[in-house]
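Please open the model in your viewer and keep the selection tool at hand. The stops below are in the order in which to select them.

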Amino acid sequence: MRAQDVDLRQLLLEAALEALDEGVHVVDAEGVTVFYNRKMADIEAMAREDVMGRRIDDVFSFPDAAGSTLLDAVRRGVRRDDVRQTYFNRRGQAITTVNRTFPVYADGRVVGAVEIARDVTSVEQLKSTAFGQAGVRYTFASIIAESRAMREVLEQARRAARTDSSVLIVGETGTGKELLAQGIHAASPRRDGPFVSQNLAALPDTLVEGILFGTARGAFTGAVDRPGLIEQANGGTLLLDELNAMPAPLQAKLLRVLQERVVRRVGDLKDRPVDVRILATMNEEPSRAIREGRLRADLFYRLSVVTLTVPPLRSRREDILPLVAHFIRRLNAAFRLRVEGCEPRLVDAFLAYDWPGNVRELEHVIEGAMNLMEDEAKIGFQHLPGHVRRRLEQALDDAQGGEHQAGRGAREDGVCESTSEARREAVPRERPSFRVLVRDYVRSVLQASLEETRGNVSEAARQLGMSRQNLQYWLREVGVDPARYRR
């Protein structure tokens, strides 16, 4: 067959697929997108250039229990028909489709997979709104956890998701406690039920009781029969954010709901059975809240069947750069920018700073900086507000000063220093910074892994025990091109 005939057939085939009223997504054996029609881009609210040529799980997030049907077809060679799938695009929007997915074979091996999708997102959103679930946007797959401390918390949360026991999530403000709660609901048997969330600190004490427990007609002037949030969450999950802000008398009433599985509306005489799982969060140590009378001990013991402690960002610094990369990708799409990363000195400052506002503070710093960018490729100190710049520069100066003092102390001790070494130290010389040494080491490890896997990024990530997305970040950061190792 002549080359021009092949090109014509390819052109006609792509035109036919573009005309379909169903989404078509085709990936190769590595899960990299090779065809993505206009309808699929509309369904997933994505620009085609942001999906083409990229691995599917670098662009979309999938709940752990399901995963990508396309990648499943590539890995296991399984055909699936009429499978409902909910996942999230890079801006965190929930997408729900019904898919037909099948592998493509050549010479007896899988060389790719095709997915034909029908959009049912609007139907799912209508159902979610009716059940009060509109706020559920995150799964465990949405949470960036490269550090051992955060991975342990996620593993505990995954295990706790299987049951109906109450869960208390403790952590500083901005650590992502509500994301973890949503992940528990999304991975639980209650995932198709409502998810209702309420920040108790945002409500006046006089309104908390009626909003949580509901009201009966005549209970007070203007009162009507209205179910509270506990009843609205029936069959699903209720998240009580900042539990320690709940008035003490209502804590006793909540304890009765937990123990007897019934709720009594304000001004009512009858109990109503409820089937609801309670999750609660606190931004301080429970022992302190109990000691100071802001949390009943008996409620704490009833709620803390499972207690998850989310570490602050300063205790999991391995997550800082992956989080920065994630925020930049998301905001690039939202702001229509092409920011590639941060200047090296700013990266050093990010790693040195203690982030008292945790992940939320980091996100706001990145968003604020990108609001002031136009065509620059890297975020620098010049894009930060003055007060933020001063805090980060001070943290960097303190860290570098500490390294200098440590080095000076080691020289003065002289324990492991030979005479010739001491003589050389007397002559000032330029030393590579700690960050340069780390980059060189990371580069050598990645190069060795890619050499061994012949440039297969997915296999290299598996061997290194990290996500493919995080490996790609580091490959860009240290300037290693996987294509050089493919053979």
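Helices (H or I, at least four residues) and strands (E, at least two) are DSSP runs, numbered from the N terminus. The model is predicted, so to speak of local features pLDDT of at least 70 is needed, side-chain atom pairs count only at pLDDT 80 or more, and totals for chains, interfaces and linings use all residues. Residues are numbered from 1 along each chain as its sequence is written, and side-chain values use heavy atoms, with hydrogens and water left out.

**Stop 1: two loops.** Select Arg454, in the loop between α18 (434–453) and α19 (457–464). Arg454 is not a glycine, yet has a positive phi of about 55°. Next select Glu242, in the loop between β8 (237–241) and α10 (248–260). Glu242, also not a glycine, has a positive phi of about 55°. Its relative accessible area is 22%, which makes Glu242 partly exposed (buried is under 20% relative accessible area, exposed over 50%, partly exposed in between; 1.4 Å probe, protein chains only).

**Stop 2: α8 and α10.** Select residues 205–213, helix α8, together with α10: they pack at an angle of about 10°, with axes 11 Å apart. Axes are lines fitted to C-alpha atoms, for helices over the stretch in contact, and angles run from 0 to 180 degrees between N-to-C directions. α8 is therefore roughly parallel to α10 (angles under 35 degrees). Val208, Glu209 and Phe213 of α8 meet Leu250, Lys253, Leu254 and Val257 of α10, where contact means heavy atoms within 4.5 Å.

**Stop 3: α13.** Select residues 320–335. This helix of 16 residues reaches 22 Å from its first C-alpha to its last, close to the 22 Å expected (1.5 Å times one less than the number of residues). Of the 16 residues, 12 are buried, so α13 is largely enclosed by the rest of the structure. Among the buried ones are Phe327, Arg329, Arg330 and Asn332. Just after α13, Arg336 takes a positive phi of about 60°.

**Stop 4: the largest nonpolar core.** A nonpolar core is a set of buried Ala, Val, Leu, Ile, Met, Phe, Trp, Tyr and Cys residues joined through side-chain atoms within 4.5 Å. Select Phe350, Trp355, Leu362, Ile366, Met370, Ile379 and Leu392, which touch the most other members of the 34-residue largest core. Two or more residues each come from α13, α14 (344–352), α15 (358–371) and α16 (386–413); α13 gives the most, with 8 residues. Another core, of 31 residues, lies apart and includes Leu238, Leu254, Val274 and Val276.

Note on methods: Parallel < 35°, antiparallel > 145°, perpendicular 65-115°, else oblique.
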